[in-house]
Amino acid sequence: MPKSYESYGIEEIGGVKYYVGYKKSIPSFTKKSKANDEPKFDIGGLAVRVKEKIYVFDKQKYYCRLEYLTSANGEYAECDYDPQTDTCQTLKGKGVDVTSNTFPILEEWIQKQMRPMTTTYKHENIGWDDRKTVNGKRNKGKPDPFYKHWTAKISDSITSEYSGNFEIEPKGTYAEWRKGVKQNVIGYMPLEAGLAIALSGVTVGYLSLVYPGLTYPNIIFNIPGKSTTGKSTTCQLAISSIGCPDPLQGEASLMGTWNQSENNVFARLFGMWGGAVCYDELKSNDCKKLGKLLYNLYGGRDKGRMNKEATSSRKS
């Protein structure tokens, strides 16, 4: 049976800091007590501190960022800790000084630090969401829409930051992007069409949230043509309205190719509720499966299993 401690904290012993569990004081009924000669705490392991308490509101999960000593020399490292999934073994694998016997002390010490901390809000999905459901509540009334991108304004006092897998951090400014569109896109119909297609995804995502009783399937456009005629450039322009159009970013880019597994194709759509995703090089796809794949993409039918299968192939 695990020991019960009065409190938890950090103690410095021989110039090295450790997380500890403070023993409960036991009243003595004798004039002379040996309790004063005994240590008043049990050592857990090298010091661990909570740097940040994080709530991913569109996944409804809490986790925290730990800072921990890696050696008695005073070197620190950082890792994430999820109270629901992390165990003694997973923390040990990340480099935290913990054993099965000291894990209860560490758990309680982490919880003690988290309770008074201000929560940092983050989101992993991109697109439209309802402010009335941010804290896990169900909203049966009219939604209060807001758009999640690199940041998201949840309320006047709370701004969420993106922590998903895609490279969507803005490069430059909106004014610069708009100037480039005015100079290089307006007046050239193929590029204008590409940009309109991308923005239509934002519109459809909004309508799906505001009018949930209606069905809005994913919009799919095919841009045919010979090589070196600007198809990829048009796709990159469309992606630039929401994220990184550079295919060299790999799985972090919203610009992919058809030369990948079906699950990876769907993975780029998972968590996208208003935006554009492009797949280049259609000829590299297995045409026998293309019809079924496009049908599922159109109706979003594989979203239910993407969380279990497709996202497993993306960087965690």
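**A walk through the predicted model**

Strands β1 and β2 (residues 16-23) run antiparallel and are joined by 8 bridges. One point of this pairing can be located by residue: Ile10 has Tyr19 in β2 as its bridge partner.

In general, the strands of a sheet pair through backbone hydrogen bonds, and the pairing is either parallel or antiparallel.

A helix accompanies this sheet.

The chain as a whole holds 8 helices and 14 strands. It has 316 residues, of which 36% count as buried. Taking contacts between residues at least 6 apart in sequence, 53% join residues at least 24 apart.

Helix α4 (residues 189-210) and helix α5 (residues 231-240) have axes 8 Å apart and meet at an angle of about 40°. Because of that angle, α4 counts as oblique to α5. Their crossing is right-handed. On the α4 side, the contact is made by Pro190, Leu191, Gly194, Leu195 and Ala198; on the α5 side, by Thr234, Leu237 and Ala238. Sorted by class, the contact of α4 with α5 has 6 nonpolar residues, 2 polar ones and no charged ones.

Is Met255 buried or exposed? Its relative accessible area is 3%, and buried means under 20%, so Met255 is buried. Leaving out residues up to four places away in sequence, Met255 touches Ser232, Cys235, Gln236 and Ile239, among others. The residues it touches also include Cys244, Pro245 and Pro247, as well as Arg268, Cys278 and Asp280. Of these, Arg268 is 13 residues from Met255 along the chain, and the C-alpha atoms of Met255 and Arg268 are separated by 9.0 Å.

Conventions:
Residues are numbered from 1 along each chain as its sequence is written. This is a predicted model: local features need pLDDT of at least 70, side-chain atom pairs count only at pLDDT 80 or more; totals for chains, interfaces and linings use all residues. Side-chain values use heavy atoms; hydrogens and water are left out. Axes are lines fitted to C-alpha atoms, for helices over the stretch in contact, and angles run from 0 to 180 degrees between N-to-C directions. Helices (H or I, at least four residues) and strands (E, at least two) are DSSP runs, numbered from the N terminus. Angles under 35 degrees count as roughly parallel, over 145 as roughly antiparallel, 65 to 115 as roughly perpendicular and the rest as oblique. A crossing is left-handed if the near helix is turned anticlockwise from the far one by less than a right angle, and right-handed if clockwise. Contact means heavy atoms within 4.5 Å. Ala, Val, Leu, Ile, Met, Phe, Trp, Tyr, Cys and Pro count as nonpolar, Asp, Glu, Lys and Arg as charged, and the others, Gly among them, as polar. Buried means under 20% relative accessible area, exposed over 50%, partly exposed in between (1.4 Å probe, protein chains only). Two strands pair if DSSP finds at least two bridges between them.
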